[in-house]
Amino acid sequence: MELQNSVKEALNALYHHPDDAFRMEADRWLQNFQRTIDAWQVADNLLHDATSNLETLIFCSQTLRSKVQRDFEELPSEAFRPLRSSLNTLLKKFHRGPPKVRTQISIAVAALAVQVPPEDWGDGGIVNWLKDEMTSHPEYIPGFLELLTVLPEEVFNYKIAARPERRRQFEKELTSQIEVALNILTACLKINELKEQVLEAFASWLRLRHGIPGSLLACHPLVHTALSSLNSEILSEAAVNVISELIHYTTAGNSGGIPVQMPLIQVIVPQVMSLKEQLRDPSKDEEDVKAIARLFADMGDSYVELIATGSNESMMIVNSLLEVASHPEYDIASMTFNFWHSLQHILTKRDSYTSFGNEASIEAESRRRLQVFQSAYESLVSLVSFLV
């Protein structure tokens, strides 16, 4: 109790004391406190305390999150279950916010899952545990959805002091449960006010680059929701994030590559191409234009080898990328520069043509492609000169 009061007093001094020296001293004391073993219990108690103010809740949720990430081995093995139970209670308590507190608690639960083997969570690890919790307590779904979003992100969070072998196991655990996760998200689509959160979680799981066949994703409700939300005022940002991840996903090494993912590519490309007119729409907010431009740039970077064939379809993408390159805002125009560099590298490199067999065929194909792309590069030189 004495320590809890000291934490409250130090936070009050940090945020409200008029003297800089007092604030710096309070900050130093709080940082030292976070490194102590007592911080576990004090932070947990204050988070459960109904009288704690927002400053206390934010500080204590950050403390608990960093303790789980960095100092989990301080605790005896039997502490896992009460800690998980307490974090679960807090996740339910803050399921409607404050958002900063809920996010920290979610990251703490995810970090706990990285630290311990899946059998500690019961049959099927944390994803199945989460599914059961959401089924049993549908009123807390917003909080659980945030946890579902941060789970795959923690695979790549090296602040967590987990041993390398355990980290690899956790990645395997999540990739084996990706269909369960996508089923949970699909079920949540029925709740209209959660669609944005669902799309954010879907984008997060796609970053695992797990080999789901393109034919399955091409007709998946989550993909269709993202594509149909590209023109939505509320959902467009989350939708762009999903489509961007899907584009990168189709060319990821362990996704099977472009041939396997072609059904998905054939769904994505026409939808992105339909946004071309919006690049020149004066009524569009600059951030919205930037988001659309990013999709075209992602498409160019990911499918540059397909585009280099110079087919009619690929030239439509090239013309769209010229449209992006012609944008007066440098931040937007420059998004395409990597694509133009990669494309010229493929077009001028002899290795790109070896599949055409003999020397005469290689030379003929090289000439054909250079001719096809010549006017696009002439336009690009003009546009870049203008930007300079």
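The structure is a predicted model, in which local features need pLDDT of at least 70, side-chain atom pairs count only at pLDDT 80 or more, and totals for chains, interfaces and linings use all residues. Residues are numbered from 1 along each chain as its sequence is written, and side-chain values use heavy atoms, with hydrogens and water left out.

Figure 1. The protein has 21 helices and 0 strands (DSSP runs numbered from the N terminus: H or I of at least four residues for helices, E of at least two for strands). Its C-alpha trace spans about 85 × 55 × 40 Å along the principal axes. Of its 388 residues, 50% count as buried (buried is under 20% relative accessible area, exposed is over 50%, and partly exposed lies in between, with a 1.4 Å probe and protein chains only). Among contacts (heavy atoms within 4.5 Å) with a separation of 6 or more, residues 24 or more positions apart account for 68%. An unreviewed UniProt entry annotates residues 26-90 as "domain: Importin N-terminal"; positions are in the numbering used here, feature names are shortened, and such annotations may be inferred rather than shown by experiment. Over residues 26-90 the chain is 75% helix and 0% strand, and the end C-alpha atoms of this stretch are 26 Å apart.

**Figure 2. Packing of helix α7 against helix α8.** Two packed helices are described by the angle between their axes and the distance between the axes. The axes of α7 (residues 125-136) and α8 (residues 141-153) come within 10 Å and cross at roughly 165° (axes are lines fitted to C-alpha atoms, for helices over the stretch in contact, and angles run from 0 to 180 degrees between N-to-C directions). The two helices are therefore roughly antiparallel to each other (under 35 degrees counts as roughly parallel, over 145 as roughly antiparallel, 65 to 115 as roughly perpendicular, and the rest as oblique). On the α7 side the contact is made by Ile126, Val127, Trp129, Leu130, Glu133 and Met134, and on the α8 side by Ile141, Phe144, Leu145, Leu147, Leu148 and Leu151. These residues divide into 11 nonpolar, no polar and 1 charged (nonpolar: Ala, Val, Leu, Ile, Met, Phe, Trp, Tyr, Cys and Pro; charged: Asp, Glu, Lys and Arg; polar: the others, Gly among them).

**Figure 3. Glutamate 133 in helix α7.** Glutamate 133 is found in helix α7 and is buried, with a relative accessible area of 15%. Leaving aside neighbours within four places in sequence, glutamate 133 is in contact with Asn88, Lys92 and Phe144. Phenylalanine 144 is 11 residues from glutamate 133 in sequence, and their C-alpha atoms are 8.2 Å apart.

**Figure 4. Valine 109 in helix α6.** Valine 109 is found in α6 (residues 99-115) and counts as buried because its relative accessibility is 3%. Leucine 91 is 18 residues away along the chain, with a C-alpha separation of 8.8 Å from valine 109.

**Figure 5. Arginine 207 in the loop between α11 and α12.** Arginine 207 lies between α11 (195-206) and α12 (214-218). Its relative accessible area is 34%, so arginine 207 is partly exposed. Residues up to four places away in sequence not counted, arginine 207 touches Glu153, Phe156 and Glu245. Valine 267 is 60 residues from arginine 207 in sequence and 19 Å from it in space, C-alpha to C-alpha.

**Figure 6. Packing of helix α13 against helix α14.** The axes of α13 (residues 221-228) and α14 (residues 236-250) come within 8 Å and cross at roughly 125°, and the helices are therefore oblique to each other. The crossing is left-handed. Val223, Ala226 and Leu227 of α13 meet Ala239, Val242, Ile243 and Leu246 of α14. The contact comprises 7 nonpolar residues, with no polar and no charged ones.

**Figure 7. Packing of helix α20 against helix α21.** Helix α20 (residues 337-348) packs on helix α21 (residues 359-387) at an angle of about 150°, with the axes 11 Å apart. That makes α20 roughly antiparallel to α21. Their crossing is left-handed. From α20, Phe337, Trp340, Leu343, Gln344 and Leu347 take part; from α21, Ser366, Arg369, Leu370, Phe373, Tyr377, Leu380, Val384 and Leu387 do. The residues of this contact divide into 10 nonpolar, 2 polar and 1 charged.

Technical notes: Left-handed = near helix turned anticlockwise from the far one by under 90°.
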